[in-house]
Amino acid sequence: MTCPSPFMTPEREAYRNNLRRFFDSEVKPHVEEWEANRAVPWELHEKLGDLGVFGFGIPEEYGGLGFDDAFMRADYAELAFGCGASGVAAAVGGRMISLGPIARFAPEEFKRTVLPEIIAGRMNSSLAITEPGGGSDVANLTTRAERDGDDWVLNGAKAYITGGMDSQWFVVGARTGGPGIAGISLFLIEADTPGFTRTPLGGKMGWHCSEQAMLHFDDCRVPGTALIGPENKGFIAIMNNFNHERLAMIAGSLGMMRVCYDSALDWARERRTFGKRLIEHQVIAHKFAEISARIDMIEAYLERICWAINQGLMPAAEIAKAKVQATKALEFVASEAMQIFGGAGYLTGNPVERVWREVKVMAIGGGSEEIMRDLAVRQMGLAGQ
Ligand SMILES: Cc1cc2nc3c(=O)[nH]c(=O)nc-3n(C[C@H](O)[C@H](O)[C@H](O)COP(=O)(O)OP(=O)(O)OC[C@H]3O[C@@H](n4cnc5c(N)ncnc54)[C@H](O)[C@@H]3O)c2cc1C
């Protein structure tokens with residue numbers, strides 16, 4: 001947006017500029033190769049760890065930054081998803097969505113020894129909520145954990161788990177009590193636990209440089225300390241955790257829209273049809289007015305939400321609504337940008353072609369558009385009036 005942001009501070013500007021330099025020099029030149037290789041190099045995890053991007057909201061004694069700032073979190077997500085292949089953000093993102101419950105609920109010993117390794121990017125962790133039978137209806141998840149003496153024994157499966165093939169640690173939602181939201185707990189499970197196996201998900205239309213896995217729990221026995229957070233109160237923790245994931249996806253959609261805008265504008269300034277540059281045709285220029293308005297609106301909505309989060313609020317309804325608007329805007333922008341490219345936009349290697357293939361994972365992952373609208377309506381108390 002050309003209007004200056006009232007929320008920009010010298011610290012945030014310096015942080016954003018530093019990250020931007022990193023992505024420009026160390027990520028963007030390699031995304032084609034990483035997408036083709038179906039992986040990012042492990043050093044990327046460590047370099048991002050050095051930049052502190054995994055440490056927000058986590059005390060320094062556990063390897064964190066010792067402070068939180070929703071604007072900086074959003075800056076990271078915008079640049080990571082907007083680096084030209086949003087799968088790069090996903091490749092390191094399993095850690096991002098599982099760190100919240102680990103930092104909050106893991107045993108003190110774990111927080112002092114293992115958590116700093118995860119935050120530094122030397123180890124990975126994943127969040128495992130979705131199951132083969134469904135991801136939207138978290139309250140009815142079926143992976144079961146039964147007490148056996150001091151231990152717990154898990155049986156069930158998880159699907160689509162980001163980072164699932166290289167993570168050493170998993171935050172797993174499992175049923176420990178009766179049906180519905182009051183019977184779910186969280187477990188922190190190590191990858192080499194007997195009874196735990198994983199298989200790669202296979203081909204997918206986008207996010208090629210990140211991997212997802214199926215997880216299988218077959219009489220998987222874990223010690224009592226693997227239960228993290230209060231027993232049967234895991235649903236609330238899962239829901240709270242989703243807010244940060246969704247914030248990242250709003251900011252990420254913004255970054256992906258900027259990829260479309262910038263690359264389509266470059267093209268429209270160069271490409272000539274009917275004796276003039278594309279941008280000189282009013283119909284095409286108006287597309288840019290529309291695209292930039294969508295970007296501005298999402299940026300403004302995101303900033304307002306970041307401000308609220310920094311005030312100690314967690315506006316779940318606004319986050320849910322903004323996620324829907326962000327992914328709808330992304331869908332519109334990707335479509336219009338590809339239209340501006342004409343046939344060239346349809347070719348593999350065009351930046352918009354990749355964004356196009358990545359739109360749906362943003363609209364479905366972390367809570368689909370349908371579920372976000374439903375959540376917003378409930379949070380706003382509309383259905384009960
Ligand atoms: C690339 C990728 C990475 C992922 N990473 C992770 C991860 O790391 N960890 C993790 O736990 N999960 C992960 N997921 C799973 C993701 O969160 C789920 O795909 C998502 O929550 C939707 O669940 P589902 O696919 O089971 O769809 P379903 O729940 O089966 O829903 C199918 C469709 O029906 C709609 N729908 C469902 N219920 C209703 C309703 N009541 N009213 C109206 N419409 C409804 C949904 O919106 C959706 O469009 C990932 C998914 C993908 C594709």
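Residues are sorted here into classes: Ala, Val, Leu, Ile, Met, Phe, Trp, Tyr, Cys and Pro count as nonpolar, Asp, Glu, Lys and Arg count as charged, and the others, Gly among them, count as polar. By that sorting, the shell around the ligand holds 10 nonpolar, 8 polar and 1 charged residues.

The model is predicted: local features need pLDDT of at least 70, side-chain atom pairs count only at pLDDT 80 or more, and totals for chains, interfaces and linings use all residues. Numbering starts from 1 along each chain as its sequence is written, and side-chain values use heavy atoms, with hydrogens and water left out.

**The ligand**

A residue is near a molecule if one of its heavy atoms lies within 4 Å of it. There are 19 residues around the ligand, and Thr 130, Gly 135, Ser 136, Ser 368 and Glu 370 come nearest.

| Side chain | Ligand atom | Distance |
|---|---|---|
| Thr 130 | nitrogen | 2.7 Å |
| Ser 136 | oxygen | 2.6 Å |
| Thr 162 | nitrogen | 2.8 Å |

On its own the ligand has 970 Å² of accessible area, and the protein covers 65% of it. Such areas come from the Shrake-Rupley method with a 1.4 Å probe.

Helices (H or I, at least four residues) and strands (E, at least two) are DSSP runs, numbered from the N terminus. The elements that give two or more residues to the shell are β1 (125-128), β3 (151-162), α12 (351-364) and α13 (369-379). Which element gives the most to the shell around the ligand? It is β3, with 3 residues.

**The domains**

Domain bounds come from an automatic or database assignment. The assignment gives domain 1 (10-119), domain 2 (125-234) and domain 3 (236-379). Domain 2 and domain 3 each supply at least three residues to the ligand shell. The centres of domain 1 and domain 2, taken over C-alpha atoms, are 23 Å apart. In their contact (heavy atoms within 4.5 Å), 24 residues come from domain 1 and 17 residues from domain 2.

UniProt, in an unreviewed entry, lists "Acyl-CoA dehydrogenase/oxidase N-terminal" for residues 9-121; this span is 66% helix and 0% strand.

Technical notes. Polar contact = N/O pair within 3.5 Å; in protein donor to acceptor, adjacent residues only side chain to side chain. UniProt positions renumbered as here; feature names shortened; annotations may be inferred.
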